[in-house]
Structures are given as structure tokens and as C-alpha cells.
Amino acid sequence: MHIKSSQVALMDRVSWTVDAGDVTDPYDFDGGGRIVFDDGPFSGFMERRTARPGVSLYRLAGTSSHAWKLVAQGDSPAGHLVVGAMLDGAGVIEAKGNESKSWRGSGRPFALSLAEREISYRLEAPGPWQAVTLILDPDTLDRIMTDEGLPPLARRVLENGRKPVSHVFARSQEVARVAQSLLHPVYRGTMGKLWLESKAMEFLAHLLDQMQETPAATASLNARDLTRVREAYQYLVSDLRTPPTLDELAAYARLPARRLNQGFRHLFGMTVFEALLEARMQAAHRIIRDSRDIPLKHLAWSVGYSQLSNFVIAYRRRFGIPPGQHRRSENAD
């Protein structure tokens, strides 16, 4: 089923509702294609741009004070494919017709079909959330398919525009790298438009590559095993200074170490080691934001680093700037 590309204009009328449980607030894009969230559980922005005809770019960044849900309102036309990356935070994508899909940490690509249905994003808190998303109309998908570059998952959306598709992939450093650059443009004006289009297409190429082989659910992990993996994660991050070794964690979960890592990849898109590193970086990020006078050496120790230099390297690799510079920028704000 093919939907005319003119229907992508319907997305211009989409608004969003922030649901914090006891309060529900609606938000609409302003004339510049921007929403500013400043009076609810999430403080930040969402921005919509046209990367090229048939491809819309959405950028979102901010920090939440407590759990909340972002719900798309208005038209959700069939035949359109949403692809993007979660760059921070943790939560669940809820799309009617599919099982809920969770993510945690940075660099988690995802794909879903609009399919004339309700779609929402349920966020854990407190903490930051950053996401970059592309919406492709059917004609754009058709052109990619003509060049034999459309992955099976996206091809199913093109062939049946109302097919419910929702998937979160394992983390990808390349996807995260390009998404981060899209959040922080280096050009403005005419050059900015050219740069935005080129980066959006690079982003799309990495996402489509990630979608070429949709990982199947891990058949060897049953519901009991997955519960044990979730419990193991909570145990792993309960004491970042002296976390258990992989063997100790496997014994706690009553799973072989290899199967435990398999479960971590399935649920969180990360190995046990990567999940520990991400938890340490997120904890350090929160401390810098909330306790600006803590010495960096003590901060490093509190999240499990005995050597300050190792902590600084890890923090800069994760957030793009060293912790001292991040603190100065927080103080400037």
C-alpha cells in the first residue's frame, strides 16, 4: 500500500502532550518549528526541520525531574517510517499494535511505523534525554527501494503502510556519533542547510545499515532468565565503587556468564561491562549537575575510579567534553 508523499505535510499539524500523571499539558510547534518545554517534568526543547523533501528531522534534548510520558497528538499517516537514536536516558516506546520496547543509555537506534496509531515515549527520571529522529515518507522509501537499499523491516512498512512495526536495536557508536553532531550544528544559513541535509543523509545511511538484519529475540532466554538479568542489572549498579565481577554477577543471577551478557545485550543493548560504564558516567553527570563543589578526585572515586586521569578520559569519551569543562558550563548557566 503506497501513500502519497503529500501526506507528510500532515505531520506539520502534530502536537505533543506531556503526561506527568496528575497533570497533562499540550504543546504545539511555533512558527520556527520549535517547542520549548519549561513548565513541567521535562525542561528542554523539540525542534522540527525539513532535511530534504520527504525527510523530516526532529531533535530533542533536555532534563527531566521525574517520570513522564510524551504522547504524539494529531495525524499519524500510514506508510511513514520513523528511524532515529536515543542518545541519553532510559524509557519505553509504546506503539499500539506492538510490544513495548525499552532502551537504556546512549546510542540506541530505533525504528517504527506511524501506521495511523497512538505512539508515546515513557521516560524514567531523573536525568537527561536526547534523541534525534528522521521521518521518511513513502515516496522516499520507494526511491531507496528502487536502488535496492531498503532493509526488510522498512520494506514491510512500504508494502503495508498500516503494519505495526517497532524495534529498538543494539547500541551503535557510529549512529550516536552522527546523531550528536546533528544536535550541535556547526553551520548556519545556506551552509547550514547543506550541512544539515548531508548529515541527515549520513545518519539515515547508518540507521538503514543497522536495520539490515533485525536481531531476533534471544530464543535461549526465557521469561525467568530475563527477570534474573534485570535483577542482575540492579545489583550491578547498586554500588558503583565496588561492583561485582562478571563471575560474581553471573553467580548472583544463577546464569552462565555468557548467557548473562547475552541477556544484557538483549534487554539493554550493552554488555555487562558497557552497562557498568554507562551507569558510572550517568552518575557522574548527575553529580556534576547537582553538586558543583565536589572535588573531581572525590567524584571519580565515588563512581569507581581510583585514578582521576582514567575517569577524565572515560567522561570525555562519553560526553564529548572533560568533567571540569562540563562543570564550568553548568556554573555559567
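The model is predicted, so local features need pLDDT of at least 70 and side-chain atom pairs count only at pLDDT 80 or more, while totals for chains, interfaces and linings use all residues. Residues are numbered from 1 along each chain as its sequence is written, and side-chain values use heavy atoms, with hydrogens and water left out. Helices (H or I, at least four residues) and strands (E, at least two) are DSSP runs, numbered from the N terminus.

- Strands of a sheet pair through backbone hydrogen bonds, either parallel or antiparallel.
- Here, two strands pair if DSSP finds at least two bridges between them.
- Strand β10 (residues 108-113) pairs with β13 over three bridges in the antiparallel sense, and Phe110 stands opposite Val168 in β13.

**The six-stranded sheet**

- Another open sheet has six strands, ordered β2-β1-β6-β11-β8-β9, again with antiparallel pairing.
- Its edge strands, β2 and β9 (101-104), each pair on one side only.
- On average, neighbouring strands of this sheet are turned by 20° against each other, direction ignored.
- Strand β1 (residues 15-19) and strand β2 (residues 24-27) run antiparallel and are joined by four bridges; Thr17 has Pro26 in β2 as its bridge partner.
- The hairpin of β1 and β2 has four residues between the strands, and Gly21 takes a positive phi near 95° there.

**Helices that cross**

- For the angles below, axes are lines fitted to C-alpha atoms, for helices over the stretch in contact, and angles run from 0 to 180 degrees between N-to-C directions.
- Angles under 35 degrees count as roughly parallel, over 145 as roughly antiparallel, 65 to 115 as roughly perpendicular and the rest as oblique.
- Contact means heavy atoms within 4.5 Å.
- As for residue classes, Ala, Val, Leu, Ile, Met, Phe, Trp, Tyr, Cys and Pro count as nonpolar, Asp, Glu, Lys and Arg as charged, and the others, Gly among them, as polar.
- Helix α5 (residues 223-236) and helix α7 (residues 257-268) have axes that come within 9 Å and cross at roughly 90°, which makes α5 roughly perpendicular to α7.
- The residues of this α5 and α7 contact divide into nine nonpolar, two polar and three charged; among those that meet are Leu226 and Tyr233 in α5 and Leu260 and Phe264 in α7.
- Helix α6 (residues 246-253) packs with α7 at an angle of about 85°, their axes 9 Å apart, and the two are therefore roughly perpendicular to each other.
- In this contact, Leu246, Asp247, Leu249, Ala250 and Ala253 of α6 meet Ala257, Leu260, Asn261 and Phe264 of α7, giving seven nonpolar, one polar and one charged residues.
- The axes of α8 and α10 are 10 Å apart, and the helices pack at an angle of about 90°.

**The largest pocket**

- A pocket is an open set of points on a 1 Å grid over the protein atoms alone, where a 1.4 Å probe fits, with protein on both sides within 12 Å along at least five of seven lines; lining residues have an atom within 4 Å of a point.
- The largest pocket has a volume of about 1,200 Å³, where grid points are joined across faces, edges and corners and a volume is the space filled by probe spheres set on the points.
- Of its 37 lining residues, Asp88, Gln130, Gln180, Arg318 and Phe319 lie nearest its centre.
- Helix α8 gives the most to this lining, with seven residues.
- By class, the lining has 12 nonpolar, 14 polar and 11 charged residues.
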